[in-house]
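Here are some friendly notes to read alongside the model. Take them one at a time, with the picture open.

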Amino acid sequence: MLRVVALLAMQVIEKYVNEARNVLDELLKALAEALTLETHVFLNYFDANNSEINVRVNYYPPCPRPDLALGLTPHTDASALTLLMQFEITGGLQILKDRKWLTVPWTDDALLVNVGDLLEIMSNGRLKSPWHRVVTQLDVERFSVALFYNPPPWTEIEPEPEPVPVDGDGGFKKVVVSDYLQHFYEISPTKEKQAIMYAKV
Ligand SMILES: O=C(O)CCC(=O)C(=O)O
Ligand SMILES: [Fe+2]
């Protein structure tokens, strides 16, 4: 019985992964166009057989002292893009903006897309990976599914040189995806957004 359930779950996840890949590929094209770049500049790093998709299921139980315990410690995602799903509107996900934690507005039945560090590097800082965390809640339990989409590990990603980011940021250099990931996991968790400095000139 358990085997049947596990098999069914695997089929559902596989279906979701395949659909998610289509959505994310379209988004990578749309994001490149929005930055007035050639449509495929980001998508070209991915390939259907070797790109990495990792799925993490997060469970946050109700917490008697949300003031004392976080659900997920602050971080950026080491992905290119992350597709997030939650099962009901429960809040909990927050991003740091102007030094304040803001709860991400998330409507029911909506998927949320998060820019990861690799896309920040590829876009030379024009797309930013947000510093985010999950807070616990008193009487609320929460599930989320995070799907991380990455080019194959041996891919060398290169920041798009033009146009120069408006906020004067940028200054990224070429990195190999697996080198970046190794660095990211070696130094995580960090107190602030730090791993991405590895990809700065
Ligand atoms: O649970 C969430 O909404 C976010 C999860 C997340 O940030 C992650 O798994 O990296
Ligand atoms: Fe995350």
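The points below go from the whole chain to its sheet, its helix packing and its core.

1. Before you start, note that this is a predicted model, in which local features need pLDDT of at least 70, side-chain atom pairs count only at pLDDT 80 or more, and totals for chains, interfaces and linings use all residues. Residues are numbered from 1 along each chain as its sequence is written, while chains are lettered from A and ligands numbered from 1 in the order in which they are written.

2. Start with the overall build: the chain has 3 helices and 10 strands. Both are DSSP runs numbered from the N terminus, with helices (H or I) of at least four residues and strands (E) of at least two. Along the sequence the pattern reads α-β-β-β-β-β-β-α-β-β-β-β-α.

3. How does the radius of gyration fit the chain's length? For 201 residues a compact globule would have a value near 17 Å, and the chain's 18 Å agrees with that. The radius is taken over C-alpha atoms, and the globule rule is 2.2 Å times the number of residues to the power 0.38.

4. Next, find the open sheet, where 4 strands stand in the order 1-8-3-6 with antiparallel pairing. Strand 1 (52–60) and strand 6 (112–115) are at the edges with a single partner strand each, so one side of each has no neighbour in the sheet. Strands count as paired if DSSP finds at least two bridges between them.

5. Now look at helix 1 (residues 2–34), which lies across strands 1, 3, 6 and 8 and runs at about 130° to strand 3 (81–86). Contact here means C-beta atoms, placed from the backbone, within 7 Å. Angles run from 0 to 180 degrees between N-to-C directions, using axes fitted to C-alpha atoms, for helices over the stretch in contact.

6. Which residues have the most contacts inside the largest nonpolar core? In this core of 29 residues they are Phe42, Leu81, Leu118, Leu119, Ile121 and Ile157. Helix 1 gives the largest share, 5 residues. Such a core joins buried Ala, Val, Leu, Ile, Met, Phe, Trp, Tyr and Cys residues through C-beta atoms within 7 Å; buried means that 20 or more other C-beta atoms lie within 10 Å of a residue's own, with C-beta atoms placed from the backbone. Leu118 touches residues including Ser79, Asn150 and Tyr180, not counting those up to four places away in sequence.

Definitions and conventions. Two residues are in contact if their C-beta atoms, placed from the backbone, lie within 7 Å. A residue is buried if 20 or more other C-beta atoms lie within 10 Å of its own, exposed if 12 or fewer, and partly exposed in between; C-beta atoms are placed from the backbone.
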